[in-house]
Amino acid sequence: MAEIIIEQVVVYGAVMLLCFATIFFYMRKQTRKSKEILEKVAVAKEEGLFEPVSLHPYIDLNACIGSAACVADCPEKDILGIVDGKATVINTSNCVGHGACFHACPVEAISLRIGTETRGVDLPHVNENFETNTKGIFIAGELGGMGLIKNSVEQGQQAIENMIKLKKPSKENVIDVVIIGAGPAGIAATLAAKKNGLSSVTLEQDSIGGTVYTFPRAKLVMTSPMNLPLFGKVKLYDTSKDELLQLWNQVINEHEIKITENTKVETITPLQDDTFKVVTNSGKEFVSNYVLLATGRRGSPRKLNIPGEESQKVAYRLLEPERITGKKIMVVGGGDSAVESAMLLMEGNDVTLSYRKDKFARIKPKNREAIAEAIENSSIDAIFNSNPVSIADKTIEIKVDDETDPRILENDLVYIFAGGELPTSFLQKAGVEITKRFGHIVKKY
């Protein structure tokens, strides 16, 4: 009997010891991981990547169970992590609004928001049907806060579907909808309008593709499938700008869709008969039942307002870097667009990067590593704490903060990436209200 008791004590003791050991090593591993995430958070705060700049996940810590499904599903990586059994944001400013974390959370603890409690973001008033406070004017895509291509495509379609539900009667010489912008939202809306038998006109101030068209040629712009009206499901991964633009042009040509490029809309005027008059920079006018604004948030590029900026050698986007060789180039800016463009131009050119701050902030980790290497091996000359003050035919003048006299550098081309400005005045003239939103919920369960 004593032997049986001893045997049971040994067996149960061994099992308990194994359980305690498993728990101990698991807890130690979790503690180590939590410490690593906290260190990443500290670095993100130091580098200015912790605070979000656009759409981002907000975590309800009371509901979060630390499943880490959100971490695993995030395509960007290092946006989210787990600390002490709860999810936390890390490099939040690198979030591009995929929403994968939102859908992955098993307990609905994540909402997608724009702005924070301390940093507001100017947003036009848009309801759940994508209609603004001015009845008949709709907004889809980046302008409303959702910048991801897939989201923009979905919103462009949904906006058209919501117009159909309103059932405005057709009028003689009145177009059903004028679509402003031929980016992802505008193209999807144009296809959806034709699919549903609506008459439409699509106007684009630049070229088909909108903001996507301005990306460097090789930049990846899409990482998940989407549905295009009249075409179906598009399964493209790691897709370049060219591939995506070719697809859009294919669909547009196959379905005889007309998009008027290089045409900027100057005014949208509500008329007494519940229609809208849309006037372009060429003086052409359209009257429509509805207007869909599918433009980007940036509107027009932000300019430096310095002498010589109107020169033809100054550009605000980089289209075909592989065609530019043997030039002395100045790239102005410190964001991802500026850094990526400078690195695309550094082969075969003499590239200088001017940035107004003392170090890069809010750029993706891969870009940070690549630009640091390029500067270290002298492929790019970076001048921090500097601002261009004038541009001449063969030179550019740069003022560096701790230097008395400005530097005058030989120069052939200037690329300025200073962001863009929300078209506030344009929207307000059309009657669309704009409010600074703090922690505004864009999507919740």
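This is a short walk through one predicted protein model, from the overall build to single side chains.

Some ground rules. The model is predicted, so to speak of local features I need pLDDT of at least 70, and side-chain atom pairs count only at pLDDT 80 or more, while totals for chains, interfaces and linings use all residues. Residues are numbered from 1 along each chain as its sequence is written, and side-chain values use heavy atoms, with hydrogens and water left out.

Overall build. The protein chain has nine helices and 28 strands. Helices (H or I, at least four residues) and strands (E, at least two) are DSSP runs, numbered from the N terminus. Along the principal axes, the C-alpha atoms fill a box of roughly 105 × 65 × 40 Å. The protein chain has 445 residues, and 44% of them count as buried. Buried means under 20% relative accessible area, exposed means over 50%, and partly exposed is in between, with a 1.4 Å probe and protein chains only.

Now helix α1. This helix covers residues 2-46 and holds arginine 32. Which residues gather in a patch of positive charge on the surface? They are Arg28, Lys29, Arg32 and Lys33. A patch takes residues with over 30% relative accessible area and no salt bridge; like charges are joined within 9 Å, and nonpolar side chains (Val, Leu, Ile, Met, Phe, Trp, Tyr) within 5 Å. For charge, Lys and Arg count as positive, Asp and Glu as negative, and His and the chain ends are not counted. The place of a charge is NZ of Lys, CZ of Arg, CG of Asp or CD of Glu. Arginine 32 has 44% relative accessibility, so it counts as partly exposed.

There is a nonpolar patch on the surface too. Ile23, Tyr26 and Met27 form it, with about 330 Å² of accessible area together. Accessible areas come from the Shrake-Rupley method with a 1.4 Å probe; for residues, only the protein chains shown count as cover. Isoleucine 23 is in helix α1.

Next, salt bridges. Side chains of opposite charge can pair when their charged atoms come close. The rule here is a side-chain nitrogen of Lys or Arg within 4 Å of a carboxyl oxygen of Asp or Glu. How many salt bridges does this rule give? The count comes to five. I will show some of them.

Take lysine 40 and aspartate 78. Their closest N and O atoms are 3.0 Å apart. This pair links distant parts of the chain: lysine 40 is in helix α1, and aspartate 78 is in the loop between α2 (69-73) and β2 (80-83), 38 residues apart. Lysine 40 is partly exposed at 36%, and aspartate 78 is partly exposed at 33%.

Then aspartate 350 and lysine 328. Here the closest N and O atoms are 3.5 Å apart. Again the pair links distant parts of the chain: aspartate 350 in strand β20, lysine 328 in strand β19 (residues 328-332), 22 residues apart. Aspartate 350 is partly exposed at 42%. Lysine 328 is partly exposed at 30%.

Arginine 407 bridges to glutamate 403, with closest N and O atoms 2.6 Å apart. Arginine 407 is partly exposed at 30%, and glutamate 403 is partly exposed at 24%.

On to the rings. Rings of Phe, Tyr and Trp (its six-membered ring) pair if their centres lie within 6.5 Å; planes under 30 degrees apart count as stacked, over 60 as edge-to-face and the rest as tilted. That rule gives three aromatic pairs. Tyrosine 355 and phenylalanine 360 are stacked, at 5.8 Å centre to centre and 15 degrees between the planes. Both tyrosine 355 and phenylalanine 360 are buried. Phenylalanine 360 and phenylalanine 384 are edge-to-face, at 5.1 Å and 70 degrees. Phenylalanine 360 lies in the loop between β20 (350-354) and α8 (365-376), and phenylalanine 384 in the loop between β21 (380-383) and β22 (386-391), so the pair ties together parts 24 residues apart in sequence. Phenylalanine 360 has a relative accessible area of 8%. Phenylalanine 384 is partly exposed at 26%. Ring pairs link Tyr355, Phe360 and Phe384 into a cluster.

Last, backbone angles. Lysine 167 has phi near 55 degrees, a positive value in a residue other than glycine. Lysine 167 sits in the loop between α4 (149-166) and β7 (175-180), and is exposed at 69%. Asparagine 173 has phi near 60 degrees, also positive and also not glycine. Asparagine 173 lies in the loop between α4 and β7, and is exposed at 72%.
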